[in-house]
Amino acid sequence: MPEYVLILIRSIAAFLVLLFLARIMGKKQLSQLTFFDYVVGITIGSIASTMSVDQNIKISNGIVSLAIWGLFPIILSLIGLKSRGFLQLTDGKPSIIIKDGEVLEDTMKKNQMAIDELMMLLREKDVFKLDDVQMAVFEANGELSVMKRADMEPITPNFLGIKLKHENAPTLLIMDGHILYENLARLGYSKKWLIHEIAQKGASTEKDVFIAQVDGNKKVYVDLYEDKSE
């Protein structure tokens with residue numbers, strides 16, 4: 001069998017195993033990674049790539065190795081659900097970097113965080129002045145959670161004692177020229193009503209519409225395949 005065919009077969013096998021492992025490992029692997037998740041991800045990727053091109057390694061051995069590294073973090077996660085101490089051992093724990101407006105230098109040193117890095121993380125949270133921060137927590141996944149001082153928080157209707165009317169979440173009614181009848185029925189709207197609404201936006205039929213969405217106030221947003229310039 002030609003070498004390129006073997007590489008193709010091995011690569012497909014590695015991809016399918018990785019896809020299966022990604023599904024059973026859950027969404028956590030797709031979110032911000034902890035140090036442990038980072039190590040597991042790199043190792044699994046390295047095993048898969050080696051399995052694809054190194055013909056000295058049996059496919060069965062590569063699959064077993066991938067399965068072990070895929071199931072191992074799942075088992076550890078289940079243990080972590082039962083033991084907070086074990087979870088902190090594998091995933092780490094958050095550290096308070098700023099408390100009551102004071103920067104904790106010792107904590108920064110323990111986390112090997114430079115002042116420039118702290119300022120960068122604060123700017124990512126739209127904070128440019130240290131004086132605006134009440135508390136900042138360096139999370140286990142490397143993100144910085146920031147609580148601003150009370151007088152720096154934006155004014156909300158709740159703060160002013162104003163009660164707002166509950167509004168339902170916007171719902172898609174047309175996608176790629178196809179009416180989503182299930183959503184239409186759930187909201188109690190008819191196809192006739194929808195056709196009338198999109199006609200006001202310049203569409204002859206639903207086939208002219210790329211996306212149509214309705215909000216809680218019955219306001220319909222329509223994006224046509226061929227947007228008409230005014």
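# Exercises on a predicted model

## Exercise 1: Helix H3

Compare the reach of helix H3 with the expected span, then list residues of H3 that are buried.

**Solution.** 

Step 1. Helix H3 covers residues 59-82, which is 24 residues.

Step 2. From its first C-alpha to its last, H3 reaches 35 Å, and that is close to the 34 Å expected at 1.5 Å a residue.

Step 3. Now look for the residues tucked away from the surface: Gly62, Leu66, Gly70, Pro73, Leu76 and Gly80 of H3 are buried.

Step 4. Here is a handy rule for reading such a list: an α-helix has 3.6 residues a turn, so residues three or four places apart point the same way.

## Exercise 2: The salt bridges

How many salt bridges does the model have, and where do the partners lie?

**Solution.** 

Step 1. Recall the idea: side chains of opposite charge can pair when their charged atoms come close. The cut-off here is a nitrogen-to-oxygen distance within 4 Å.

Step 2. Count them: there are two salt bridges.

Step 3. Take the pair Lys125 and Glu143, whose side chains meet at 3.9 Å, N to O. This pair links distant parts of the chain, 18 residues apart: Lys125 is in the loop between helix H6 (115-124) and strand S3 (133-138), and Glu143 is in the loop between S3 and strand S4 (144-148).

Step 4. Check how open these two are: Lys125 is partly exposed at 36% relative accessible area, and Glu143 is partly exposed at 32%.

Step 5. Go on to Asp131 and Arg149, which meet at 3.4 Å, N to O. They also link distant parts of the chain, 18 residues apart, with Asp131 in the loop between H6 and S3 and Arg149 in the loop between S4 and strand S5 (171-175).

Step 6. Asp131 has 54% relative accessibility, so it counts as exposed, while Arg149, at 22%, counts as partly exposed.

## Exercise 3: Positive phi angles

Gln112 and Asp126 are not glycines; what is phi for Gln112 and for Asp126?

**Solution.** 

Step 1. Gln112 has a positive phi of about 55°. Its place is the loop between helix H5 (105-110) and H6, and it is exposed because its relative accessible area is 72%.

Step 2. Asp126 has a positive phi of about 65°. This residue lies in the loop between H6 and S3 and counts as exposed at 59%.

## Exercise 4: The negative patch

Which residues form the negative surface patch, and where is Asp100 found?

**Solution.** 

Step 1. The patch is formed by Asp100, Glu102, Glu105 and Asp106.

Step 2. Asp100 is in the loop between strand S1 (95-99) and strand S2 (102-103).

Step 3. With a relative accessible area of 54%, Asp100 is exposed.

Notes:
Residues numbered from 1 in each chain as written. Predicted model: local features only at pLDDT ≥ 70, side-chain atom pairs only at ≥ 80, totals over all residues. Heavy atoms only, no water. Patch = residues over 30% accessible without salt bridge, like charges linked within 9 Å, V, L, I, M, F, W, Y side chains within 5 Å. Areas by Shrake-Rupley, 256 points an atom, 1.4 Å probe, with all protein chains shown as cover. Lys, Arg positive; Asp, Glu negative; His and termini not counted. Charge placed at Lys NZ, Arg CZ, Asp CG, Glu CD. Helix = DSSP H or I, 4+ residues; strand = E, 2+ residues; numbered from the N terminus. Buried < 20%, exposed > 50% of the residue type's maximum accessible area, 1.4 Å probe, protein only. Expected span 1.5 Å × (residues − 1).
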